[in-house]
Amino acid sequence: RHLRNGDINIRNFIRGIAKCPFYKYHYFERINQIDSVKVNFKHILGRLPFDKEEIRKHIIMLSQNGFDYHIDSLIDSNEYSNIFGDNIVPYLRGFDSEHGLRTSSFIKVANSILGYTSCDNLKDRLYD
């Protein structure tokens with residue numbers, strides 16, 4: 001209702017979804033931290049982490065500051081602002097030829113989905 005009435009923008013709507021108990025339970029509490037970081041990158045930034053260093057940085061952030069801080073760091077990042085701004089729903093970007101996106105992003109995103117009905121809780125397909 002808040003989104004429909006214009007009280008909040010898409011960015012804050014996404015923030016609310018990512019911090020809600022349902023999302024936190026399914027994409028943080030029920031999976032390991034590495035998979036949680038990968039899924040959050042995919043859902044919020046539309047890409048998978050570039051490398052193990054980026055994953056490591058966010059695992060440390062999760063450990064030191066908690067889940068909500070991690071979510072805020074993604075949504076408040078320059079990358080999110082530059083790509084989605086305040087009013088675009090995040091989408092998978094691995095299929096775009098966008099400046100600064102690595103070629104490996106395409107391969108990782110393609111391997112993480114089987115089609116339009118793919119599900120991120122199928123652990124055997126979660127990001128190599």
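A helix here is a DSSP run of H or I with at least four residues, and a strand is a run of E with at least two. In this predicted model, the protein chain has seven helices and zero strands.

Q: What pattern does the protein chain follow, read along the sequence?
A: The pattern is α-α-α-α-α-α-α.

Q: Why is α3 called roughly perpendicular to α4?
A: The axes of helix α3 (residues 33-45) and helix α4 (residues 52-65) cross at roughly 105°. Angles of 65 to 115 degrees count as roughly perpendicular, so α3 is roughly perpendicular to α4. The two axes come within 10 Å.

Q: Which residues make the contact between α3 and α4?
A: From α3 come Gln-33, Ile-34, Val-37, Lys-38 and Phe-41. From α4 come Glu-54, Ile-55, His-58, Ile-59, Leu-62 and Ser-63. By class, six residues in this contact are nonpolar, three are polar and two are charged.

Q: Why is Glu-79 called partly exposed?
A: Glu-79 lies in helix α6 (residues 78-83), and its relative accessible area is 22%. Buried means under 20% and exposed means over 50%. The value for Glu-79 falls in between, so this residue is partly exposed.

Q: What makes the pair Glu-79 and Arg-47 a polar contact?
A: The side chains of Glu-79 and Arg-47 meet at 2.7 Å. The cut-off for a pair of N or O atoms is 3.5 Å, and one atom must be able to donate a hydrogen and the other to accept it. The pair is therefore listed as a polar contact between side chains.

Q: Which residues does Glu-79 touch, not counting those up to four places away in sequence?
A: Glu-79 touches Leu-45, Arg-47 and Arg-93. Leu-45 is 34 residues from Glu-79 along the chain, and their C-alpha atoms are separated by 7.6 Å.

Q: How much of the protein chain is buried?
A: Of the 128 residues, 40% are buried, that is, under 20% relative accessible area.

Key. Residues are numbered from 1 along each chain as its sequence is written. This is a predicted model: local features need pLDDT of at least 70, side-chain atom pairs count only at pLDDT 80 or more; totals for chains, interfaces and linings use all residues. Side-chain values use heavy atoms; hydrogens and water are left out. Axes are lines fitted to C-alpha atoms, for helices over the stretch in contact, and angles run from 0 to 180 degrees between N-to-C directions. Angles under 35 degrees count as roughly parallel, over 145 as roughly antiparallel, 65 to 115 as roughly perpendicular and the rest as oblique. Contact means heavy atoms within 4.5 Å. Ala, Val, Leu, Ile, Met, Phe, Trp, Tyr, Cys and Pro count as nonpolar, Asp, Glu, Lys and Arg as charged, and the others, Gly among them, as polar. Buried means under 20% relative accessible area, exposed over 50%, partly exposed in between (1.4 Å probe, protein chains only).
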